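Hi everyone, thanks for making time this morning. I'd like to walk you through one protein chain, going from the overall layout down to single residues. Please have the viewer open while I talk.

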Amino acid sequence: MSEFIDEAQLHAKAGNGGAGAVSFRREAHVAKGGPDGGDGGNGGNVILKASWAVSSLLSFRDQPFRRATDGVHGSSKNKFGRRGQSTVVNVPVGTVVKSLDNEIVKEFTVQNDTWVAAHGGRGGFGNARFLTNQRRAPGFAEQGEMGEDIWYNLELKLMADVALVGFPNVGKSTLISVVSNAKPKIADYPFTTLRPNLGVVKVSDNAAINEFVVADIPGLIEGAADGKGLGFKFLRHIERALVLVFLIDLSLSCEKSPEDQLQILKEELKNYRPELLERPAVVVGSKSELSPDSKYPTKGINLDFEISAVAGLGINPLIYKMADLVGDQKNSLEGGKITIEDETLYKPTPKGLKVTRVDDDFFVVTGKDAISAISLSDLNDPEALSIIDKRLNKLNLNKELLKAGAQPGATVEIGDFVFNWEP
Ligand SMILES: Nc1nc2c(ncn2[C@@H]2O[C@H](COP(=O)(O)OP(=O)(O)OP(=O)(O)O)[C@@H](O)[C@H]2O)c(=O)[nH]1
Ligand SMILES: [Mg+2]
């Protein structure tokens, strides 16, 4: 069913790091005690986790924004700020995560696989961290880092969890239209449906899974396995489904008795692939309101459910049964592994430092590490400046500026911090 691609966007915003505190111990006999400003807490991450509980990207289409909470600022007496809470977001197994320029950054192929979509910002150091023998009273602290704020494209090859199997005109499309978001064509003649329709069925939170995908497939007729009607082309879609629902027309005007319908359907599946009959299956009678007596003798078969999609009868118990069976099947899949053929290319977010030459004597420095290096609370404090200087040296700023063609005296901008460069 590779033609069914579910697409959505994710906007992941991780928590910001809390700022470090500037504080000094209060002591009765000293004007200013030693520095005791605590560190800020780290921001929470936005984490994606593959789960069988979800089958589609529908929830992201409803609302793409997922965020984690900020770290708390540090405070006096060396108190650390609490770290922000991470948010774990379930995505279907099989989800492919792409950057906005459509490069694959992550594929979820295994149940419970986790990946950080947006990293929380690091909490800033409090002024107590900057105490040295020479620097007895640091009057500055570090700002918290901003949490990552990233948009992604999500893609999923939708695979049916449940396939509706039945003769033409028994009400398959009507059923999917009442249980899911699918809006297929419905009409009172056979072969209305020419291509499979997929719909996502949402179930309430206390079920084993939150949602599952149902496929409404063109009707099967006798001889389908040998290529009669439309059925053969679509039998392969049934192969991938975890659970089968045999839909049997109970209306008295139906040409074939319920018994014949079920027998022929099973025979066709068997001729196509005998293993299909071992798949968990539910036998459902449709158009029940047209079958006057529910014990009508010609039914001749054991029905698990009787429903009327038009009158809305018996639908919920069927939904829960399908959800249970799908949940069981997913749990029993070994390691929850499915195969995805596309190549994985893992691209971590660029860190470090980058120098861009704007003109002969103006250079802009970007990069996560460069921004962190200058994120001290007081950029006028000479001691803070010497720390920044050391950090930028470590990142090889001088070398990079030289490479970019900077001359001594050039103006260099890093975030809000602008200075004249003296190597
Ligand atoms: N009375 C009654 N009619 C129903 C019910 N469910 C479906 N129908 C009608 O049966 C006809 C066929 O319904 P579809 O849902 O198109 O049937 P289908 O199985 O998808 O048919 P194909 O796509 O041709 O295979 C339509 O006229 C529906 O309105 C029901 O519960 N009661
Ligand atoms: Mg149909």
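This is a predicted model: local features need pLDDT of at least 70, side-chain atom pairs count only at pLDDT 80 or more; totals for chains, interfaces and linings use all residues.

Residues are numbered from 1 along each chain as its sequence is written, with chains lettered from A and ligands numbered from 1 in the order in which they are written.

Now the overall shape. The C-alpha trace spans about 100 × 55 × 35 Å along its principal axes. The protein holds 8 helices and 18 strands, which are DSSP runs numbered from the N terminus (helices are H or I, at least four residues; strands are E, at least two). Its radius of gyration is 31 Å, well over the 22 Å that the globule rule gives for 423 residues, so the protein is more spread out than a compact globule. That radius is taken over C-alpha atoms, and the rule is 2.2 Å times the number of residues to the power 0.38.

How much of the protein is buried? Buried residues make up 42% of the 423 residues. Here a residue is buried if 20 or more other C-beta atoms lie within 10 Å of its own, exposed if 12 or fewer, and partly exposed in between, with C-beta atoms placed from the backbone.

Let's go inside. The largest nonpolar core has 70 residues, and Val162, Ala163, Leu164, Val165, Val214 and Val245 touch the most other members. By nonpolar core I mean a set of buried Ala, Val, Leu, Ile, Met, Phe, Trp, Tyr and Cys residues joined through C-beta atoms within 7 Å. Strand β12 (residues 243-249) gives the largest share of this core, 6 residues. Domain 1 (5-157) and domain 2 (162-335) each supply at least three residues to this core. There is also a second, separate core of 22 residues, including Val355, Ile374, Ile387 and Ala410.

Leaving out residues up to four places away in sequence, its contacts include Lys172, Leu175, Ile176, Val214 and Val245; a contact means C-beta atoms, placed from the backbone, within 7 Å.

Among the buried ones are Lys172, Leu175 and Ile176. Their cover includes β9 (162-166), β12 and α5 (315-332).

Finally, the strands. An open sheet of 5 strands runs in the order β3-β1-β8-β5-β6, with mixed pairing; strands pair if DSSP finds at least two bridges between them. Its edge strands are β3 (65-67) and β6 (104-107), each pairing on one side only. Strand β5 (residues 95-98) meets β6 antiparallel over 3 bridges, and Val97 sits opposite Lys106 in β6.

Elsewhere, strand β2 (residues 46-51) pairs with strand β4 (residues 87-92) in parallel over 6 bridges, and Ala50 has Val91 as its bridge partner in β4. With strand β7 (residues 114-118), β2 runs antiparallel, joined by 4 bridges; there, Lys49 stands opposite Thr114.

Definitions and conventions
Domain bounds come from an automatic or database domain assignment. Two residues are in contact if their C-beta atoms, placed from the backbone, lie within 7 Å.
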